[in-house]
Amino acid sequence: MFVFRTVAETPGTNTIVMIVCLFFALLTAGLTTAEPLPASASADRMEQRIKALSQFGANTDGGVDRVAFSDADIKGREYIKGLMREAGLTVRVDTAGNIIGRREGSEPDLPVIMFGSHIDSVPGGGNYDGDVGVIGAIEVAQLLHENNIATRHPLEVVSFTDEEGGLTGSLAMTGRLKTAALGIVTHSGKSVGDGIRFVGGDPDRLELAQRKPGELAAFIELHIEQGAILYEAKIDIGVVEGIVGIRWWDVVIEGFANHAGTTPMNRRKDAMLSAADLVLAINNVATSMSGRQVATVGKIRAEPGAPNVIPGRVVMSLEIRDLSAAKIQQVFEAIEDEARRIAGTRYTAIHFDEIDVDVDPAPTDERMRRIIASAADALGLSHQSMPSGAGHDAQDMTHIAPTGMIFVPSVDGISHSPKEYTSPQDMANGTDVLLRSVLTIDKGALE
Ligand SMILES: [Zn+2]
């Protein structure tokens with residue numbers, strides 16, 4: 001305003017050019033600078049709630065033993081339900097035991113925007129894994145409630161059942177929980193089926209907990225990184241590209257066991273030498289390709305396993321992880337080529353037995369990544385794209401809804417430990433990004 005008036009009082013050819021330039025500069029700025037958030041997360045309130053939640057199942061190390069289906073889990077769940085009600089949400093527990101707090105939208109026919117995480121912990125766990133996502137999701141609902149902000153879409157805040165025991169609640173919600181899983185005995189001492197009943201669900205009617213593709217407009221999970229990338233680089237927000245897929249093999253190398261004293265060096269079929277070559281080749285394959293694939297040999301056993309016998313057989317593990325199933329296959333095939341070459345030069349046989357670990361890559365939705373990155377930009381927060389090496393409920397949700405995931409820094413990258421810590425400001429930053437992403441989706445960014 002000041003610039004315009006000053007310039008207008010002293011018109012001339014140059015100043016008119018300047019006015020035109022300034023006008024377009026301001027117009028462009030006006031188009032790209034997003035509106036301010038209608039409300040911001042309270043770091044204090046979130047910190048207080050994290051502390052209150054951490055009382056349920058508190059252990060003497062400063063962390064929690066709030067394993068799913070324990071008495072501490074029940075107390076934590078009651079606390080969360082209370083917070084949801086305070087945020088104006090209507091609370092229900094689905095047949096899988098997931099706690100769902102709902103807020104109606106102005107256009108009831110629109111699909112639900114869902115966001116949340118989990119509050120169960122591993123034994124000897126910390127106070128932030130999962131908890132930040134649930135407390136953050138409730139904070140978003142509370143900010144909308146306190147500021148009388150209506151959304152077009154119905155919103156649902158979710159706290160999933162038994163994440164740490166095997167993503168039980170999100171598997172059930174996506175119709176993928178296997179019946180056999182209900183019999184697995186959890187850290188609480190109860191089976192998954194009995195546990196679901198204990199927290200108010202009904203394991204005999206899990207189909208009622210299923211949400212069909214199209215029922216949800218989007219799913220977003222806010223979570224601590226559980227690694228040190230953001231913390232070490234001093235970056236505020238991680239835009240999760242997806243949860244990596246995992247494949248495992250037993251690699252069996254057959255040579256010929258023989259006397260280590262009497263067999264000359266040029267007459268040996270040494271399985272251990274082949275294994276050594278192969279370990280190096282696996283590392284070389286994974287590092288020579290572009291991308292962030294990882295390949296690891298973490299376990300090895302030589303047979304018969306005596307100092308005076310040339311190893312006749314070696315069994316070792318191979319693990320490959322990546323966001324792309326095709327990339328994992330490509331890495332594996334390159335390793336197979338190397339194995340054929342090594343087997344030939346060392347007079348051994350090498351074969352790969354795959355072990356079914358059933359962890360497919362779960363890429364997040366590209367549009368959701370853009371929405372989360374723009375939300376961080378608009379809030380002046382630095383961000384970085386990154387895969388998640390750990391599993392999350394979000395990976396199940398990718399099967400039924402456009403899914404996004406927001407990471408906030410973990411101090412020193414420590415997780416699944418009482419030493420787990422994320423600062424109140426980082427929690428609030430992540431929650432602001434969540435709020436802004438929800439509002440952007442509500443305005444039709446995915447339509
Ligand atoms: Zn978690």
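A: One term to start: buried means under 20% relative accessible area, exposed over 50%, and partly exposed in between, with a 1.4 Å probe and protein chains only. This is a predicted model, so local features need pLDDT of at least 70 and side-chain atom pairs count only at pLDDT 80 or more, while totals for chains, interfaces and linings use all residues. Residues are numbered from 1 along each chain as its sequence is written, and side-chain values use heavy atoms, without hydrogens and water.

Q: OK. How many residues of strand β5 are buried?

A: Nine of nine, across residues 216–224. Strands here are DSSP E runs of at least two residues, helices are H or I runs of at least four, and both are numbered from the N terminus.

Q: Which strands pair with β5 in the parallel sense?

A: β3 (residues 112–118) runs parallel to β5, joined by four bridges. β16 (residues 403–408) also pairs with β5 in the parallel sense, over six bridges. Pairing takes at least two DSSP bridges between two strands.

Q: Which residue stands opposite I220? And what is the bridge partner of E221 in β16?

A: F115 stands opposite I220 of β5. For E221, the partner is M405.

Q: Switching topic. How much space lies in the largest pocket?

A: About 840 Å³. Of its 41 lining residues, the closest to the centre are G166, L167, L171, D358 and Q395. A pocket is an open set of points on a 1 Å grid over the protein atoms alone, where a 1.4 Å probe fits, with protein on both sides within 12 Å along at least five of seven lines; lining residues have an atom within 4 Å of a point. The volume is the space filled by probe spheres set on the points, which are joined across faces, edges and corners.

Q: Which element gives the most to that lining?

A: β13, with three residues.
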